[in-house]
Amino acid sequence: MLHFEIPYLLLLCLLSVYGAHRLWLAIEGAWRSRRPERPRRELTPELADSQVLVQLPVYNDGEVFPRLLDSLSRLDWPRDRLEVQVLDDSDDGSSVGIARRIEQLRKNGLRVEHLRRPDRVGFKAGALSEGLELTCAPFVALFDSDFVIPPDFLRRAIPEFADTRIALVQGRWVYLNEERNLLTRIQALMLEAHFALEHRTRARAGRFFNFNGTAGVWRRAAIDDAGGWRADTITEDLDLSLRAWLGGWRFVYRDDLEVPCEVPEQMSAFRTQQNRWVAGTMQTTFSALPRILSAPMPFLSRLDLLIGLTGNLCYPLIVVLALSLPHAIAIRLAERDVLILHADIPFFFFATGSVAFFYFRARRQRSSREMLLRIPALMALGLGMTLHNSRAVLRGLSGGARIFERTPKRGGGRRRSREFLPWLEVGMLLYLVTIGLYASKVALFSLPLVGLLAIGYAMVIFSGRGPGEGEESAQGDSSQASE
């Protein structure tokens with residue numbers, strides 16, 4: 001059985017490396033949180049007199065975009081020093097209502113341009129790039145359509161640019177619809193860990209973290225120096241972040257700069273978002289890999305960057321692990337090999353226990369009891385997305401990710417398709433239930449993993465999306481644009 005055990009143990013080791021990395025981030029984050037933060041900078045007269053451009057990309061988001069425009073009207077920055085671009089690629093008729101609201105803002109003294117392109121070449125990156133060509137503003141703030149701009153956002157973010165090395169100031173997302181359902185609660189916890197642990201820890205350590213596409217301010221000179229917005233990947237925010245960072249620019253993360261937004265409320269919208277994030281991250285990482293490997297940086301910083309960028313490889317690794325479970329159980333029962341059984345212990349700790357600890361550290365004001373309910377649901381959902389996200393990984397690595405699929409706001413439109421993946425997920429669920437029944441009689445040590453996998457696939461399949469129901473996006477429609 002040695003021919004099987006060596007690749008199986010290598011698989012466990014790889015997954016454990018990614019788990020150990022999360023554990024390291026959680027521990028490092030706890031350590032760094034005990035150290036005093038550097039004092040916040042004051043807004044100097046020179047920076048207070050700076051011209052600021054606010055770019056608002058929109059595509060068929062008529063339900064939520066008026067709220068963003070309302071928050072824009074309360075933005076505390078001199079009107080003669082503020083210009084706004086509404087980058088409207090909508091094709092659903094919502095542009096008429098947007099134009100009316102923009103006219104009202106103009107009457108209140110705001111300089112707002114309503115930019116409509118004849119085509120949508122480059123999707124969101126193309127819209128942002130074309131908008132920049134029309135301005136000389138030294139600072140550019142970006143907000144997606146389902147966000148709400150705090151009135152003091154610019155007055156708290158702009159002072160950080162007193163350091164001429166700073167290219168980006170990123171704010172933290174908070175969630176208006178967190179309590180809507182289980183899916184929104186899980187996403188809120190996932191994103192809190194991303195911001196409060198990953199971003200905050202890396203920012204304090206002076207390591208790379210990426211712009212999240214919204215709720216941030218860029219120095220225009222850094223965008224230009226890095227080569228501008230590019231549409232050759234579907235995660236233009238990560239792409240620009242990497243190019244700027246590797247070019248010597250540095251970023252600031254403001255954990256106290258909270259920007260309200262919405263997370264997807266339906267599984268189909270969540271899947272669309274995950275597909276773009278996963279595929280785009282792999283696509284961007286692959287294209288930037290030569291520069292990452294040759295860039296002058298400390299070994300641990302490079303290791304953290306590479307593990308962080310390639311973390312989505314865990315999805316296909318988990319699929320392979322799930323498919324190999326029957327053979328692994330049979331070997332353990334037949335050979336009773338203590339060494340093999342002990343190999344499962346560190347895997348369970350690093351690949352499961354470390355993940356639980358990582359998200360528990362992100363709990364903020366939530367009670368421990370509430371976290372004990374959310375974390376298992378979060379882990380199950382992550383495991384249930386493995387087939388879907390594995391396909392996204394392959395798309396990203398193969399160059400198949402070319403169409404920007406926007407995340408539908410508040411459910412969006414739904415189209416039917418004959419996509420085969422949902423049936424594969426149903427087949428995987430039936431397979432896992434069978435393995436679980438088998439393991440319950442002869443191999444109880446496998447039940448936790450099999451159970452979480454099965455629950456996760458059930459969540460994905462039965463949470464508003466079944467076989468035959470397509471993604472909530474226009475599949476294959478090249479007109480999709482900014483999120």
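A residue counts as buried when its relative accessible area is under 20%. In this predicted model, Ser-324 has a relative accessible area of 11%, so Ser-324 is buried. Ser-324 sits in the loop between α12 (314-323) and α13 (325-335). Although 316 residues separate Ser-324 from Tyr-8 along the chain, their C-alpha atoms are 8.0 Å apart.

The next feature is the largest pocket, which holds about 540 Å³ of space. Its lining consists of 24 residues, and those nearest the centre are Arg-38, Ala-203, Arg-204, Gly-206 and Phe-251. Two elements, α7 (182-205) and β7 (250-261), each supply at least two residues of this lining. The greatest contribution comes from β7, with five residues. Sorted by class, the lining of the largest pocket has 15 charged residues, eight nonpolar residues and one polar residue.

Side chains of opposite charge can pair when their charged atoms come close. The model has 30 salt bridges.

One of them joins Arg-207 and Asp-304, with 3.0 Å from N to O. Arg-207 lies in the loop between α7 and β6 (216-219), while Asp-304 belongs to helix α11, so this pair links parts of the chain that are 97 residues apart. Both Arg-207 and Asp-304 are buried.

With 33% relative accessibility, Leu-303 counts as partly exposed. Together with Phe-299 and Leu-300, Leu-303 makes a nonpolar surface patch of about 310 Å².

Two further salt bridges can be followed in the model. Asp-70 pairs with Arg-101, and their closest N and O atoms are 3.5 Å apart. This bridge connects helix α3 (residues 65-73), where Asp-70 lies, to helix α4 (residues 95-107), where Arg-101 lies, across 31 residues of chain. Asp-70 has 34% relative accessibility and therefore counts as partly exposed. Arg-101 is partly exposed as well, because its relative accessible area is 32%.

The other pair is Glu-130 and Arg-117, again with 3.5 Å from N to O. Glu-130 is partly exposed, because its relative accessibility is 37%. Arg-117, at 13%, counts as buried.

Definitions and conventions:
Residues numbered from 1 in each chain as written. Predicted model: local features only at pLDDT ≥ 70, side-chain atom pairs only at ≥ 80, totals over all residues. Heavy atoms only, no water. 1 Å grid on protein atoms, 1.4 Å probe; cavity = no way out; pocket = protein on both sides within 12 Å on 5 of 7 lines; lining within 4 Å. Points joined across faces, edges and corners; volume = space filled by probe spheres on them. Helix = DSSP H or I, 4+ residues; strand = E, 2+ residues; numbered from the N terminus. Nonpolar A, V, L, I, M, F, W, Y, C, P; charged D, E, K, R; others polar. Patch = residues over 30% accessible without salt bridge, like charges linked within 9 Å, V, L, I, M, F, W, Y side chains within 5 Å. Areas by Shrake-Rupley, 256 points an atom, 1.4 Å probe, with all protein chains shown as cover. Salt bridge = Lys/Arg side-chain N within 4 Å of Asp/Glu carboxyl O. Buried < 20%, exposed > 50% of the residue type's maximum accessible area, 1.4 Å probe, protein only.
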